[in-house]
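Visitor: I am new to this structure and would like to learn how to read its features. May we look at it together?

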Amino acid sequence: MERKWRKIWGLIGLLLLNFVNNVSSLSLTITKVECVYEIVRSEGDIVSGNFVVVDHHIFWSSDHPGIDFSITSPGGDILHNLKGTSGDKFSFKAPRSGLYQFCFHNPLSTPETIALYIHIGHIPNEHNLAKNGSLYFFPLNSIPKF
């Protein structure tokens, strides 16, 4: 019985992983302007993430201007814009598919290291969830042996 439940939970885990399209995590060193580009495959996908200036609490004095951050859609619309920050979170529903631009601007000549995390998730609707017979439902008492 325990083995059967392990297989069921494994299958559920695989289905949940199927909903995650893209996860990016990277470290950038910024002297002036640096941009990262991510492709969003479907309109309505949820794009979320966060960033932080590494060790800003150690090296920045109280008069440090911070960094600027912006997110631009494929159509050129600014979706998120911050001035003079050491980090923040962001989340939005993509207005369209295409290439999104995540840009950092450092007003000082001192290089800053940024840790950036971006997650793009797609939650399919009921019409394309089981497209081409890719999803099967079995009564609990008749789960096939894998």
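Visitor: In what order do the four strands of the open sheet stand?

Guide: Helices (H or I, at least four residues) and strands (E, at least two) are DSSP runs, numbered from the N terminus. Two strands pair if DSSP finds at least two bridges between them. Here the order is β2-β7-β4-β5, with antiparallel pairing. The edges are held by β2 (33-40) and β5 (78-85), each with a single partner strand, so one side of each has no neighbour in the sheet. On average, neighbouring strands of this sheet are turned by 10° against each other, direction ignored; such axes are lines fitted to C-alpha atoms, and angles run from 0 to 180 degrees between N-to-C directions.

The model is predicted: local features need pLDDT of at least 70, side-chain atom pairs count only at pLDDT 80 or more, and totals for chains, interfaces and linings use all residues. Residues are numbered from 1 along each chain as its sequence is written, and side-chain values use heavy atoms, with hydrogens and water left out.

Visitor: Over how many bridges do β4 and β7 pair?

Guide: Strand β4 (residues 67-72) and strand β7 (residues 98-105) pair over five bridges, in the antiparallel sense. Within the pairing, Ile-71 stands opposite Phe-102 in β7.

Visitor: How should I read the aromatic pairs, and how many does a search of the whole structure find?

Guide: Rings of Phe, Tyr and Trp (its six-membered ring) pair if their centres lie within 6.5 Å; planes under 30 degrees apart count as stacked, over 60 as edge-to-face and the rest as tilted. The search finds six such pairs. One of them joins Phe-51 and Phe-69, a tilted pair at 4.4 Å centre to centre with 40° between the planes. Phe-51 belongs to strand β3 (residues 46-53) and Phe-69 to strand β4, so the pair ties together parts 18 residues apart in sequence. Phe-90 and Phe-102 form another tilted pair, at 5.8 Å centre to centre and 45° between the planes. This pair links distant parts of the chain, with Phe-90 in strand β6 (residues 87-93) and Phe-102 in strand β7, twelve residues apart. One aromatic cluster is formed by Phe-51, Phe-69, Phe-90, Phe-102 and Phe-104.

Visitor: Are Phe-90 and Phe-102 buried or exposed?

Guide: Buried means under 20% relative accessible area, exposed over 50%, and partly exposed in between (1.4 Å probe, protein chains only). Both Phe-90 and Phe-102 are buried. Phe-51 is buried at 3% relative accessibility, and Phe-69 is buried at 1%. Of the 146 residues of the protein chain, 30% count as buried.

Visitor: Which side chain of opposite charge is nearest to Asp-68?

Guide: A salt bridge is a side-chain nitrogen of Lys or Arg within 4 Å of a carboxyl oxygen of Asp or Glu. Lys and Arg count as positive and Asp and Glu as negative, while His and the chain ends are not counted. Asp-68, found in strand β4, is buried yet has no salt bridge; Lys-83 is the nearest side chain of opposite charge, 4.2 Å away. A polar atom of the Asp-68 side chain lies 3.0 Å from the backbone nitrogen of Gly-84.

Visitor: Why is β8 largely enclosed by the rest of the structure?

Guide: Seven of the ten residues of β8 are buried, so the strand is largely enclosed. Strands β3 and β8 pair in the antiparallel sense over eight bridges, and Val-52 stands opposite Ala-115 in β8. Tyr-117, in strand β8 (residues 112-121), is partly exposed, with a relative accessible area of 32%.

Key:
Polar contact = N/O pair within 3.5 Å; in protein donor to acceptor, adjacent residues only side chain to side chain.
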